[in-house]
Amino acid sequence: MTSFATSGLFMSLAVLVALAVDRWLGEPKSAWHPVVWMGRFLGALGSWVAPRSGDSTVANAVYFVRGAAAWLAGAALFASLAWCIQRLVGQLGNPWLEALTLGFALKPLLAWAMLKSEVLAVEAALQSSLNAGRKRLAWLVSRDVTKLTECEVREAAIESLAENLNDSVVAPIFWFILFGLPGAALYRFANTADAMWGYRGERNGQVWEWGGKWAARADDALSWMPARIAAALLMLAGGMRGLQNLPREAERTPSPNSGWPMAAMALTLNRRLGKAGAYQLHASAGPVKASDTQQSIILATKALLVAVFIGFIAIFFEWLAA
């Protein structure tokens with residue numbers, strides 16, 4: 001690519017194109033969606049990676065090696081495909097056209113509009129009935145939703161919004177800025193693998209404790225910095241409310257990363273969020289209300305706008321230094 005095509009301006013333009021495409025065109029059809037392809041790859045290897053419940057004929061270490069090998073093969077495959085696409089884009093000869101095309105290629109690796117839509121759909125379903133809200137929430141989260149109260153359904157939806165602000169938007173953009181399209185593809189593969197394999201104990205008749213361990217740790221490593229950036233963006237968007245309590249609240253969750261944006265959301269909304277029997281964030285605050293769902297989306301949107309503003313400031317200083 002040209003020198004312009006390796007600059008912060010080029011990468012920022014590609015990100016803006018991706019966000020614009022996400023806003024106006026939404027998700028591509030599943031037949032053309034790289035994250036769907038990643039899911040199919042992981043699903044096809046799932047029975048090899050994790051044993052069926054009660055099957056103890058193979059040592060745990062073998063399943064760990066299988067999980068690591070399958071993850072590395074998938075990561076290499078999808079990162080290589082993304083590298084080839086980026087190389088082809090670089091042959092277009094016009095940096096502005098390259099940025100536009102690369103933005104279209106980046107779009108399927110992030111999903112902000114769909115995330116907002118799904119969270120709002122949970123709230124809309126709750127207005128119909130608690131059972132409808134539970135069923136809609138099951139599209140968003142992996143936890144058991146059958147016994148959740150209305151407040152707990154709403155909490156889970158807002159937590160999912162905060163967590164996926166990182167997983168589906170901030171982290172892919174972070175790795176794209178650092179390593180281009182291959183970086184974003186690698187992250188999305190890692191995050192998808194964690195969602196499908198990264199469980200402790202049994203899920204859907206298979207035991208993932210060892211087969212999914214590599215996928216879980218890889219996602220933890222790749223999400224570490226972006227999760228804290230997402231939390232910082234939420235704090236900035238909310239006027240830095242409760243900043244001094246953020247580290248303490250973030251550490252209450254079992255995950256080393258998801259607690260950061262979730263805690264930032266709880267503190268900024270000044271609402272209690274949590275998972276029954278597992279953790280509570282900002283426990284001294286009041287319970288979430290119906291209006292908080294929309295407020296959480298407004299806050300997350302502002303956080304992205306803050307990120308865009310910071311990007312433009314960085315571009316300006318790059319231009320001054322040129």
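With a relative accessibility of 73%, K147 counts as exposed, where buried means under 20% relative accessible area, exposed over 50% and partly exposed in between, for a 1.4 Å probe and protein chains only. The structure is a predicted model, in which local features need pLDDT of at least 70 and side-chain atom pairs count only at pLDDT 80 or more, whereas totals for chains, interfaces and linings use all residues. Residues are numbered from 1 along each chain as its sequence is written, and side-chain values use heavy atoms, with hydrogens and water left out.

K147 lies in the loop between α6 (130-137) and α7; helices (H or I, at least four residues) and strands (E, at least two) are DSSP runs, numbered from the N terminus. When neighbours within four places in sequence are left aside, K147 is in contact with R134 and E152, contact meaning heavy atoms within 4.5 Å. The C-alpha atoms of K147 and R134 are separated by 8.5 Å, and these residues stand 13 residues apart along the chain. Another lysine, K289, is found in the loop between β4 (279-281) and α11 (290-321), and K289 is partly exposed, with a relative accessible area of 49%. Its contacts, leaving aside neighbours within four places in sequence, are with R154 and R271.

Helix α7 (residues 150-197) packs with helix α10 (residues 259-269) at an angle of about 125 degrees, and their axes are 8 Å apart. Axes are here lines fitted to C-alpha atoms, for helices over the stretch in contact, and angles run from 0 to 180 degrees between N-to-C directions. This angle makes α7 oblique to α10, because angles under 35 degrees count as roughly parallel, over 145 as roughly antiparallel, 65 to 115 as roughly perpendicular and the rest as oblique. The crossing of α7 and α10 is right-handed; a crossing is right-handed if the near helix is turned clockwise from the far one by less than a right angle, and left-handed if anticlockwise. On the side of α7 the contact is made by I158, E159, L161, A162 and E163, and on the side of α10 by P261, M262, M265 and L269. Sorted by class, this contact of α7 with α10 has seven nonpolar, no polar and two charged residues, where Ala, Val, Leu, Ile, Met, Phe, Trp, Tyr, Cys and Pro count as nonpolar, Asp, Glu, Lys and Arg as charged, and the others, Gly among them, as polar. Helix α10 also holds T268, which is buried at a relative accessible area of 10%. Not counting residues up to four places away in sequence, T268 touches L234, M235, G238, R241 and L299.

Helix α7 also packs with α2, at an angle of about 45 degrees and with the axes 10 Å apart, and α2 and α7 are therefore oblique to each other. The crossing of α2 and α7 is right-handed. Among the residues that make the contact are F41 of α2 and F189 of α7, and by class the contact of α2 with α7 has 11 nonpolar, four polar and one charged residues.

A search of the whole structure finds nine aromatic pairs. Rings of Phe, Tyr and Trp (its six-membered ring) pair if their centres lie within 6.5 Å, and planes under 30 degrees apart count as stacked, over 60 as edge-to-face and the rest as tilted. The rings of F41 and F78 have centres 6.0 Å apart and planes at 90 degrees, so this pair is edge-to-face. The pair links distant parts of the chain, with F41 in helix α2 (residues 34-49) and F78 in helix α3 (residues 60-89), 37 residues apart. F78 counts as buried at 8% relative accessibility. F41 and F189 also form an edge-to-face pair, with 6.1 Å from centre to centre and 65 degrees between the planes. Because F41 lies in helix α2 and F189 in helix α7, this pair ties together parts that are 148 residues apart in sequence. F189 counts as buried, at 0% relative accessibility. One aromatic cluster is formed by F41, F64, W71, F78, F189 and W214.
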